[in-house]
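I opened the notebook to go through one structure, item by item.

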Amino acid sequence: MITCLKRPSGKMFLMLVVASCLTFVAGLVSLSTVNWYRFSREVPCTPRKHVVFMKTHKTASSTVLNLLYRYGDAKNLTFALPTENHLGYPKLFSATFVKDFAKNPWKEYNIICNHMRFNLPEVKKVMGNDSFFFTILRNPDSAAESAFIYCHHAAQAFRTAKTMSQFVRMLHKFRPQATKNYLAHNLMWFDLGGDAEAGAEGPHVDQTLKELDSTFHLVLLAEYFDQSLVLLRKALCWDMEDMVSFQLNARDPSTRSPLPPDLLSTLQRWNALDWHLYRHFNKSFWKRVEQYGVDRMERDVKHLRHLRQKIQDICLQTSTPVAQSKSSGYIKSPDNGWAKITGYVLKGNLTGQTKEMCIRMILPEGKYLNRLRSQQG
């Protein structure tokens with residue numbers, strides 16, 4: 001006996017059509033949820049392959065450095081590397097500070113990102129005219145306190161003070177020429193090539209800010225690090241995954257040394273040039289955010305943090321950095337000055353490419369630098 005299927009009624013047929021449409025729409029919504037940042041008001045662009053990062057001190061720049069190291073490493077790009085741990089700092093940068101530049105000054109470099117004292121004409125000798133220039137700044141009060149802890153054994157002005165408060169009270173005894181005292185006064189202004197001992201007011205201030213404005217395509221802010229990375233991703237036309245990073249070279253909070261309000265105002269006057277820098281580029285930063293779109297920024301930051309959490313879940317025993325651990329998977333930078341540097345503990349079950357990826361995420365900058373030197377011969 002042959003059983004014939006009944007033709008569905010008109011009502012049932014309509015219900016099937018509606019169900020199919022809903023399933024299709026749900027699939028589109030799912031696709032847009034996963035890849036929304038790729039389609040959110042994006043204009044087709046080509047990833048930038050020539051990048052100049054002016055690495056300032058005590059501004060979360062080590063985390064940015066690791067991000068650039070990993071990107072260039074993965075894309076087989078060529079770094080302009082120093083012969084030492086920095087590019088001639090604190091001298092003004094010279095192209096000859098780049099390893100093997102004198103032997104082959106016509107060599108193409110893709111990324112320069114190690115500590116230097118900025119000197120635009122010499123940087124242009126190394127990097128192409130199409131290079132993207134960016135740097136990072138931090139609230140000068142926080143940056144100065146961090147420099148006091150990290151560089152306490154280096155700068156003479158720091159060594160003579162047992163506390164940050166004592167250092168501020170002794171500013172009248174400051175001698176610029178003393179050993180490494182450039183670390184103790186307008187450090188960001190100095191890093192960017194300015195005279196840290198120049199007056200806090202005058203035409204030189206506006207002129208310097210104007211020159212920096214015309215040089216740097218983007219200035220990041222450490223206090224708004226994720227927002228900064230979102231802007232950087234757009235400017236470089238890289239993927240959001242390329243912006244995923246873990247905080248590196250951070251110190252244990254127990255070593256922080258806050259100042260009372262009366263001394264804080266004294267410190268702000270002392271670092272007035274750094275404050276000129278920070279206020280100026282703080283304004284331009286938020287203009288960039290506004291142009292990007294506040295709602296869009298909020299969505300992109302949320303997505304970046306989601307991606308970071310996914311990598312942390314894959315790589316780390318705990319997402320929070322720790323000051324010490326006896327685990328064989330513990331990786332950290334060496335302690336510096338009075339700062340107790342924190343590190344991360346890798347999961348013990350990592351293997352192959354996943355383990356290699358996780359190690360690169362937290363590799364101290366000195367070790368990564370040696371690795372790149374070896375790879376570039």
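This is a predicted model: local features need pLDDT of at least 70, side-chain atom pairs count only at pLDDT 80 or more; totals for chains, interfaces and linings use all residues.

I took the largest cavity next. Its volume is about 110 Å³. I listed its lining and got 16 residues; the closest to the centre are Ala143, Ala144, Leu187, Asn271 and Asp274. Which elements each supply at least two residues of this lining? I found helix H4 (140–150), H6 and H7. H4 gives the largest share, with four residues. I then sorted the lining of the largest cavity by class: 12 residues are nonpolar, three are polar and one is charged.

I moved to the second largest cavity. I noted a volume of about 70 Å³. Its lining has 13 residues, and those closest to the centre are Leu248, Asn249, Lys332, Thr342 and Ile362. Here strands turn up: strand E5 (330–332) and strand E6 (343–345) are the elements that give two or more residues to this lining. By class I got seven nonpolar, five polar and one charged.

**Helix H14**

I checked the length of helix H14, residues 365–376. At 1.5 Å a residue, its 12 residues should span 16 Å. I found its end C-alpha atoms 16 Å apart, so the two values agree.

Which residues of H14 are buried? I noted Tyr368, Leu369, Leu372 and Arg373. Looking down the axis, I saw the buried residues of H14 fall within an arc of 145 degrees, so they line one face of the helix. On the other side of H14, Lys367 and Ser374 are exposed.

I then asked what the buried residues of H14 pack against. The partners are H2 and helix H13 (352–362). I also looked just past the end of H14. There glycine 377 takes a positive phi of about 75 degrees.

I looked at asparagine 76. Its phi is positive, about 60 degrees, although the residue is not a glycine. I placed asparagine 76 in the loop between H2 and E2. Is asparagine 76 buried or exposed? It is exposed, with a relative accessible area of 68%.

I turned to asparagine 186. Its phi is near 45 degrees, again positive in a residue other than glycine. Asparagine 186 sits in the loop between helix H6 (164–169) and helix H7 (187–191). I put asparagine 186 down as buried, because its relative accessibility is 2% and the cut-off for buried is under 20%.

My last entry is a peptide bond. Tyrosine 89 and proline 90 are joined in cis, with omega about 10 degrees. Where is proline 90? I found proline 90 in the loop between helix H2 (61–75) and strand E2 (111–112). Asparagine 76 is also in the loop between H2 and E2.

Key
Residues are numbered from 1 along each chain as its sequence is written. Side-chain values use heavy atoms; hydrogens and water are left out. Buried means under 20% relative accessible area, exposed over 50%, partly exposed in between (1.4 Å probe, protein chains only). The expected span of a helix is 1.5 Å times one less than its number of residues. The arc is that of the directions from the helix axis to the C-beta atoms. Contact means heavy atoms within 4.5 Å. On a 1 Å grid over the protein atoms alone, a cavity is a set of points where a 1.4 Å probe fits but cannot get out, and a pocket is an open set with protein on both sides within 12 Å along at least five of seven lines; lining residues have an atom within 4 Å of a point. Grid points are joined across faces, edges and corners, and a volume is the space filled by probe spheres set on the points. Ala, Val, Leu, Ile, Met, Phe, Trp, Tyr, Cys and Pro count as nonpolar, Asp, Glu, Lys and Arg as charged, and the others, Gly among them, as polar.
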